[in-house]
Amino acid sequence: MSSSTSRIPLSEYARLNAREPVDLRRFRDSLGLFASGITVIAGYDGEPLGFTCQSFYSVSVDPPLVSFSVMATSSSYPRIRETGKFSVNVLSKRQQAISNRFARKGSEKWAGVAWTTAATQSPVIDGALMWLDCEIRAEHAAGDHTIVIGEVLATGLNDGKDAEPLLYYRGSYRHLSKPDGSAA
């Protein structure tokens with residue numbers, strides 16, 4: 001430090017850099033303005049497991065990596081973690097009831113849900129817009145969530161011309177529309 005530079009007392013530095021805590025309700029409301037797709041993260045440990053997840057995104061194309069965040073208190077994810085693999089089922093606009101079912105706690109999530117298995121034995125939900133079959137590559141603790149990174153082993157697409165994603169925006173399910181306001 002040069003002789004012409006003066007020191008700021010630590011107490012003054014702390015006062016100048018003090019931040020008000022973020023209002024958690026306002027934070028949630030702010031994030032609600034970011035539209036997201038809805039997925040079901042699924043696994044199989046002798047029985048199908050799964051939970052609704054909207055915190056999903058691609059990480060890398062080469063190698064093909066994806067990520068999702070799951071509540072640290074999840075009862076489904078620890079069992080999926082033990083298998084080392086999972087599937088991502090991107091829900092179509094016709095699968096709102098499936099999203100609601102997998103958002104709840106309990107073991108009856110799969111009752112009446114048609115599904116097949118991917119190569120890793122992870123469940124693939126019939127009618128999903130697309131699915132990914134993955135192996136867990138890393139986990140990172142992040143506040144009240146765990147960030148999971150998976151390597152994509154296989155993909156599947158719904159080729160239906162009317163296939164559209166189920167979206168979530170401002171606390172409600174939404175569907176796409178064209179810029180002129182008509183259905184997409």
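First, the ground rules. The model is predicted, so local features need pLDDT of at least 70 and side-chain atom pairs count only at pLDDT 80 or more, while totals for chains, interfaces and linings use all residues. Residues are numbered from 1 along each chain as its sequence is written, and side-chain values use heavy atoms, with hydrogens and water left out.

The protein chain has 4 helices and 12 strands; these are DSSP runs, H or I of at least four residues for helices and E of at least two for strands, numbered from the N terminus. Its radius of gyration is 21 Å, well over the 16 Å that the globule rule gives for 184 residues, so the chain is more spread out than a compact globule. That radius is taken over C-alpha atoms, and the rule is 2.2 Å times the number of residues to the power 0.38. Along the principal axes, the C-alpha atoms fill a box of roughly 70 × 45 × 35 Å.

Of the 184 residues, 32% are buried. Buried means under 20% relative accessible area, exposed over 50%, and partly exposed in between, with a 1.4 Å probe and protein chains only.

Now helix H4, residues 96-103. Which of its residues are buried? They are Ile98, Ser99 and Phe102. Down the axis of H4 they fall within an arc of 100°, so they line one face of the helix; the arc is that of the directions from the helix axis to the C-beta atoms. Ala97 and Ala103, on the other side of H4, are exposed.
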